[in-house]
Amino acid sequence: MRLAKPLILVMWMLASVGLGAASEQVTIKLRVALYDRELNLKPVPHLTIKLIPLNSSETAPAIVQTTLDGLAEAELPAGKYHLVTEKPVELFEKLYIWDYEINLTKPVNTIELSNDNAKVTPVAGGRDARVDELAYQYKSAKGSVVAVWTDRGAINGFVVDKTGLILTEHKLFEEATSISVQATSISVQLDEHRRLAATIAAVDKEKDLAVLRINPAEAGDLTAAKLSIDPGSLVEGERVFAVITAHKEKQMVTGVVSKADAKEIVSDIRQTAGSPLFNSSGSVVGIMLLSVDSQSYRIVPIASASTILENARKNVSTVALPSSRLLPTIPVDFYPAESLRAPGRDRFEKEIYSFKTELFDVQLLTPVARYEKATERYAEAVKEQSRRPKGQAPIKEPEHQYEPVLIISTEPQVTNGFWRGAHFKGGLQRMRLLCGDKEIDPIWPARIPTRNVAGLGSTFHAWYFYGADAISPKCGTVKIEFYTMEEPEKPLVKVLDAGAVSRIWQDFDPYRTKMASDRPQ
């Protein structure tokens with residue numbers, strides 16, 4: 001029997017805590033129609049529309065479907081909603097999809113979806129071609145996915161609130177501070193040009209989740225992911241996608257869900273910890289976490305994050321707001337390979353690029369220095385292989401692709417004391433690079449714990465990455481301060497030789513020249 005009224009499929013899920021006073025109910029009336037070249041209106045039947053509440057992450061989306069006349073109607077709590085259509089509509093070799101926010105404030109709200117408020121894309125190659133609908137969702141979703149950096153490495157995360165809340169995995173922070181006496185450096189990279197300091201706003205160790213907070217004042221517009229805690233928003237066999245973050249660009253990975261319930265989601269997608277899993281409508285339905293043994297990934301429904309997100313939003317006023325100053329990022333291009341061997345150099349002057357302090361062996365690694373070291377190691381390996389019996393695979397020559405960054409490598413020295421035996425002299429807690437009196441922000445202050453080999457103890461090896469223009473002869477005095485775990489308030493200070501500063505600056509001349517020539521005139 002055909003229904004006289006529009007077919008309405010609405011599912012609501014109550015949170016485990018009380019909702020308090022009921023919101024005012026309002027009516028939404030939807031009309032979907034497209035006009036052709038002669039301005040004749042054509043109703044769009046059987047179009048599925050999802051209305052995702054923006055006022056509450058614990059309220060499930062409402063799903064409506066249009067009748068043959070292109071009409072739909074529903075009763076909803078008043079408030080703001082994200083309106084999105086699940087599939088594009090094709091008309092005259094164009095694809096139409098609707099994706100925008102609406103505010104339901106009146107007792108009766110009439111919304112018209114037409115050519116005027118749709119996202120329109122030509123159908124590639126004519127009417128026989130079909131564009132993957134996930135590609136449309138990816139374009140709007142990718143901006144919400146970010147890279148979360150600590151001194152141990154990077155994982156993924158995603159923006160859940162435009163005020164600057166980021167949901168990610170907790171395990172990286174726990175491991176990063178396991179032998180540290182100071183809070184780990186944490187930052188969030190939004191894209192290839194925007195990176196900001198972050199603080200931890202909430203933690204759920206049992207569920208391995210953390211919410212970070214950034215200060216978006218200078219970061220431009222943030223894209224917040226759409227969250228779907230509705231169990232019915234993901235079905236077995238549905239196509240899903242994830243976003244790979246890298247300092248070069250973001251990429252989409254697609255897959256299929258083979259199992260989905262309230263406890264876990266099983267898919268052939270396996271990406272970085274903290275990555276959100278998006279359904280075919282572009283909503284986050286799960287988050288990828290490392291397994292207990294850290295050897296594989298598991299996907300848990302995003303509903304498991306409801307409590308920690310609620311706590312983070314409640315406590316956001318008590319969490320320290322980090323600096324809004326944009327931090328440097330790794331450049332998106334490589335150092336020009338043809339300039340790696342500096343003209344006029346007969347040998348690699350190792351002494352210019354290294355020195356010792358009381359506790360550490362330090363190297364200053366420019367792309368030129370890294371090239372020379374790699375070339376030297378390659379030559380030694382080839383020479384060593386020539387002494388062995390034949391039949392071995394040839395040693396592969398290095399590709400020599402280097403980011404245009406300065407790396408300051410700090411390795412703890414080992415002493416062989418009479419009473420203690422062999423042990424590390426000291427451990428690096430943090431480091432500061434100063435150009436004159438100005439501290440230079442590192443791109444990445446990487447500290448990797450050493451293994452306790454032969455009873456030497458535990459400490460850190462450090463690699464601090466800096467931009468190509470971090471230091472120059474114009475600084476006057478360039479110095480490095482090493483703060484140790486043993487004496488965190490009293491740094492070891494090394495003033496760099498003027499010749500070393502000049503050579504480092506010269507090493508980056510080809511990169512600066514390339515950047516100037518690539519800059520639009």
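Colleague: Why is Thr 66 counted as buried?

Modeller: The model is a predicted one. In it, Thr 66 has 2% relative accessibility, and buried means under 20%; Thr 66 therefore counts as buried.

Colleague: Where does Thr 66 lie, and what does it touch?

Modeller: Thr 66 belongs to the loop between β5 (62-65) and β6 (71-77). Leaving out residues up to four places away in sequence, Thr 66 touches Val 32, Val 44, Pro 45, His 46, Leu 47, Ile 49, Leu 71 and Ala 72. Arg 31 is 35 residues apart from Thr 66 along the chain, with 8.0 Å between the two C-alpha atoms.

Colleague: What makes the approach of the Thr 66 side chain to the backbone oxygen of Val 44 a polar contact?

Modeller: A polar atom of the Thr 66 side chain and the backbone oxygen of Val 44 are 2.8 Å apart. The limit for a pair of N or O atoms is 3.5 Å, with one able to donate a hydrogen and the other to accept it, so the distance lies within the limit. The backbone nitrogen of Leu 47 is also 2.8 Å from a polar atom of the Thr 66 side chain.

Colleague: Is Ser 281 buried or exposed?

Modeller: Ser 281 has a relative accessible area of 2%; since buried means under 20%, Ser 281 is buried. Ser 281 is in the loop between β23 (276-278) and β24 (283-290). Beyond residues up to four places away in sequence, Ser 281 touches Lys 50, Val 84, Glu 86, Gln 137 and Lys 226.

Colleague: Which residues touch the most other members of the largest nonpolar core?

Modeller: This core has 34 residues, and those touching the most other members are Ile 408, Leu 433, Tyr 466, Ile 471, Ile 480 and Phe 482. Two or more residues come from each of several elements, including α4 (367-386), β31 (428-435) and α5 (498-507). The most, four residues, come from β31. A second, separate core of 28 residues includes Tyr 138, Ala 201, Val 243 and Ile 287.

Colleague: What is Leu 433 in contact with, apart from its neighbours within four places in sequence?

Modeller: Among the contacts of Leu 433 are Ile 408, Tyr 466, Ile 471 and Ile 480.

Colleague: Why is β31 described as mostly covered?

Modeller: Seven of the eight residues of β31 are buried, and buried means under 20% relative accessible area. The strand is therefore mostly covered.

Colleague: How do you know that β31 pairs with β35 and with β32?

Modeller: Pairing requires at least two bridges. Seven bridges join β31 to β35 and three join β31 to β32 (residues 438-440), so both count as pairs by that requirement. Both pairings are antiparallel. Arg 432 has Glu 481 in β35 as its bridge partner, while Cys 435 stands opposite Lys 438 in β32. Two residues separate the strands in the hairpin of β31 and β32, where Gly 436 has a positive phi near 65°.

Colleague: What makes β8 and β12 edge strands?

Modeller: The open sheet has three strands in the order β8-β9-β12, paired antiparallel. Both β8 (89-91) and β12 (119-122) are edge strands, as each pairs on one side only. The average twist is 30° from one strand to the next.

Colleague: How many bridges join β8 to β9?

Modeller: Three bridges join β8 to β9 (residues 94-97), against a requirement of at least two, so the strands pair. Glu 90 has Leu 95 in β9 as its bridge partner.

Conventions:
Residues are numbered from 1 along each chain as its sequence is written. This is a predicted model: local features need pLDDT of at least 70, side-chain atom pairs count only at pLDDT 80 or more; totals for chains, interfaces and linings use all residues. Side-chain values use heavy atoms; hydrogens and water are left out. A nonpolar core is a set of buried Ala, Val, Leu, Ile, Met, Phe, Trp, Tyr and Cys residues joined through side-chain atoms within 4.5 Å. Buried means under 20% relative accessible area, exposed over 50%, partly exposed in between (1.4 Å probe, protein chains only). Contact means heavy atoms within 4.5 Å. Axes are lines fitted to C-alpha atoms, for helices over the stretch in contact, and angles run from 0 to 180 degrees between N-to-C directions.
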